[in-house]
Structures are given as C-alpha cells and as structure tokens.
Amino acid sequence: MAESHGGATGTGAHTEADGGHHGGGFPPFESSTFASQLVSLAIAFVALYLIVSRLALPRVGGAIEARQNKIEGDLAEAQKLKDQSEAALKAYEGELAAARARAQAIGNESREKANAQADAERKTLEQQLAAKLAEAEKTIASTRATAMSNVRGIAADAAGTIVQQLTGVVPDAASVNAAVDASLKG
Amino acid sequence: MKIDPIHQFNVEPLFTIGRIGDHTIAFTNASLYMFVAVGIIALLLLTSGKQLVPGRLQSVSELSYEFVASMIRSTAGADGMRFFPLIFSLFMFICVSNLVGIVPYTFTVTSHLIVTAALALLVFFTVLIYGLYKNGLKFLKVFVPSGVPGYILPLVMAIEVLSFFLRPVSHSVRLFANMLAGHIALKVFAGFVAMLGASLGVVGWIGGVMPLALAVALTALELLVAFLQAYVFAILTCIYLNDAIHPGH
C-alpha cells in the first residue's frame, strides 16, 4: 500500500502483486483514481477551510491580539506610572523650593528682628551712658570749681604768710586776694 | 531485488463509498493522508495554548499565522487579508502533506497532479471570479501592462493572456513535479543501499555507505523542498490574488 522510500525490502513482492491491478501505469496519471481523489480532496479541504476560518484563525489571532493588547496596556500603564512619578518629583521639588524660600524668609525676619532689638538696646545703653557721662562731667566740673576756689584760699593764705615772713608786715587781705586773682588769671 | 520507485505513488482504495456516474468513489490511502493532514493542522491549531508567553506548539501555530499574514500583507496588501483563511489553509495543507510524505511508508498527497491541479484551479477561479466581481471589466487591465508602446501592445497582451491562463498549469506542475521527483530520488538511493547489501553481502553493505549518506542528505533537502514548495504555492497564490484585488500593473 503506502510503501515509501524508507526501505526497499518487500518492495518487489508488493509491486508484482499490485502490478496487475494498476496495469503498470504511472500512478499520478491513473485517471481511474481521479474521481476518488477529487472527492476526498474536496471534503478534506472544505473541512480544513471551515476549521481554519471558523475556529483556528480566530483562536490563534485572538491569542496574538491579546498579547499585543497586554503589551500595549502594560506599556501605557508604565507610561502612566512614569508620568505620575515625574509629577510627584516635580511636586516634591516645588515643595522643597517653597520650604527653602520660607525658611529664608523666616531667617531674614528673625535676623532683622534681632538686629532691631539689638539696635534699640544699644541706643538705650548709649543714652544711659551719655547721661552718666554728662553727670560725671558735671561732678568733675563742680569738684574742679570747688578745688579751684580752695586753691585760691590756700594761695592767698600762702601769699599772706610768705609776705609776712619776708617783710614782717601783715598785708591786708584785700590786696593779697587781688594779687592772687591776678596771678591765677595770668 | 527490484526497486520500484513508482510504487510509493500508488493509490489504493481502502473501501468504496459510492459511485458518481461511472466513477467509483473510494476512500483511498490518498484520502486517508488528506484527512491526516487536516487532522494534524486542526490538532496543532486548536490544542495549542493561549498563553501570554507561548510554548513550543503555540509558537508553531502563531509563527505560521504571522508568517502567512505577513506574506499576504507584503504581496497583496491589506485588502488581501480577506483571503487569509484560504491562503492559510492552502499553505498549511500543502506544507503538512509534504512533510508527512517524507516519513517513510507514508503517502504524499501532493505528489499527484490531480490534487495539485485541483488546488491550483481553485486559486485560478478564485482570482478570476473575485477579480471580475470586484473590478468588473476593469479586471481586464490585468492583461494590459501600463507604459508599453502602442505598436507592441497586441503582442504583449497576447503573451499576458497566455501566461494568465497557463498559471494553473505552472502552479500545479511545479508542486507536483518537485514532490514526485524528490520522492523518486529518495527511493532510488535508499533502494540502492538495500540492493547492494542484498546482492553483494558485506562488500555491498560497505559500498552502500555512500548512497545511504546521499539518501540522508536528500532527506534533508526534501525537508527544505517540502516547506519551500508550500511557501512558493502560497506566495504565488498571493501574487495572483493581488492581480484580482489591484488589476493593472
């Protein structure tokens, strides 16, 4: 029957047995087999066409399409997530910049406040110091005036005593005072 | 020992189905292998998984799907996809029949001219009928190549008409002759090995190494031819259908 090229053993016997049946013709040109072959081919091919077009191709195509959709969906999802993370990063950077600006503002404000306070304190301190200085100068002036008047008395006494010692005459107080005043002025 | 390389092509009735006119319709070994091919294709395509990451069988079915689909798209354009089931069926039927035929002791359905001629005529009439249905008389532009000078046009048209009607002949004979010749060559070389061994004993077995190596090499070649002829048949079908879809060169 369906003897093929695999082995040659037994081929001869088969051929001789079948020889009479086929009349030794070339099988592909045996027109007596054509009708059978055409009928089976028609049935087989129509069956194949129906299987392929109705069941097989939708099935395989569906699997391929499902994969394509899955890949595209996953890519879209990944893109979405990437966009989200980029947006989050941007928001984070914005927040960071705002916080930095706020921190700087707070720093400036507190520095200015501290400066102002320090200035005010220094000013009051300076005023106090100035007041104390003025008072001290006043005290010094009055002390010096007292001292100077004391000096004049002492000088007049000393001058009277010196004149008495030198001349033996007690000078009158008025002339001594006038002389002391004149020398103090000079 | 006698080698009969033709014996493998015998069509033997297994049982008789009925009669049409004075033709006996029998279920033959050819019928059996046609249904075997259909069964293998159905099994391959219907039992392969639908996994996201395909396994081996699923890869085979998806690769054949993509292969035929891209073949149609590249030769007949997107409009050709309406013939996808037909071309896919033709390709798979011929490819599986050819491959099954390489297995020893099997029958090669496509080694019979009546089968290949029937398939080629199916394509021919599909092209003719669809071309006329889709384009009306504009389909006749397929015989008038553009850019041909007027004085030479009758000759070119005659050649075009002739080649158009000879298409089914070349289409069917190419497949048939390739399968027939390949199987005869295989049988001759394989039979030669056995003949040498049977007639010359040990010397013959040693001498049979060369024809055996050739038979192995030829089997590899036949595997290639089996796929290639299915591909050629399918792509010629696409090219012919392209004429029906887009007449005028």
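Begin by selecting the place where the two chains of this predicted model meet, where 46 residues of chain A are in contact with 57 residues of chain B. On the chain A side, highlight helix 1 (11–22) and helix 2 (34–167), each of which supplies at least two residues to the side that touches chain B. Helix 2 of chain A gives the most to that side, with 26 residues. If you now colour the side of chain A that touches chain B by class, you will find 24 nonpolar, 16 polar and 6 charged residues.

Next, select chain B by itself, which has 7 helices and 2 strands, and follow the chain along its sequence, where the pattern reads β-β-α-α-α-α-α-α-α. The C-alpha trace of chain B spans about 70 × 55 × 45 Å along its principal axes, and buried residues make up 39% of its 249 residues.

Now turn to the largest nonpolar core, which has 58 residues, and select B:V68, B:I87, B:L90, B:F91, B:F93 and B:A234, the residues with the most contacts inside this core. Helix 2 of chain A supplies at least two residues of this core, as does each of several helices of chain B, including helix 1 (29–47) and helix 7 (209–245). The largest share, 12 residues, comes from helix 3 of chain B.

Which residues is B:A234 in contact with, leaving aside its neighbours within four places in sequence? Select B:V68, B:M71, B:I87, B:L90 and B:F91 to see them.

As a last stop, look for a second, separate core of 8 residues, among them B:F189, B:A194, B:L196 and B:L218.

Key. Residues numbered from 1 in each chain as written. Chains lettered and ligands numbered in written order. Predicted model: local features only at pLDDT ≥ 70, side-chain atom pairs only at ≥ 80, totals over all residues. Contact = placed C-beta atoms within 7 Å. Helix = DSSP H or I, 4+ residues; strand = E, 2+ residues; numbered from the N terminus. Nonpolar A, V, L, I, M, F, W, Y, C, P; charged D, E, K, R; others polar. Buried ≥ 20, exposed ≤ 12 C-beta atoms within 10 Å, placed from the backbone. Core = buried A, V, L, I, M, F, W, Y, C linked by C-beta atoms within 7 Å.
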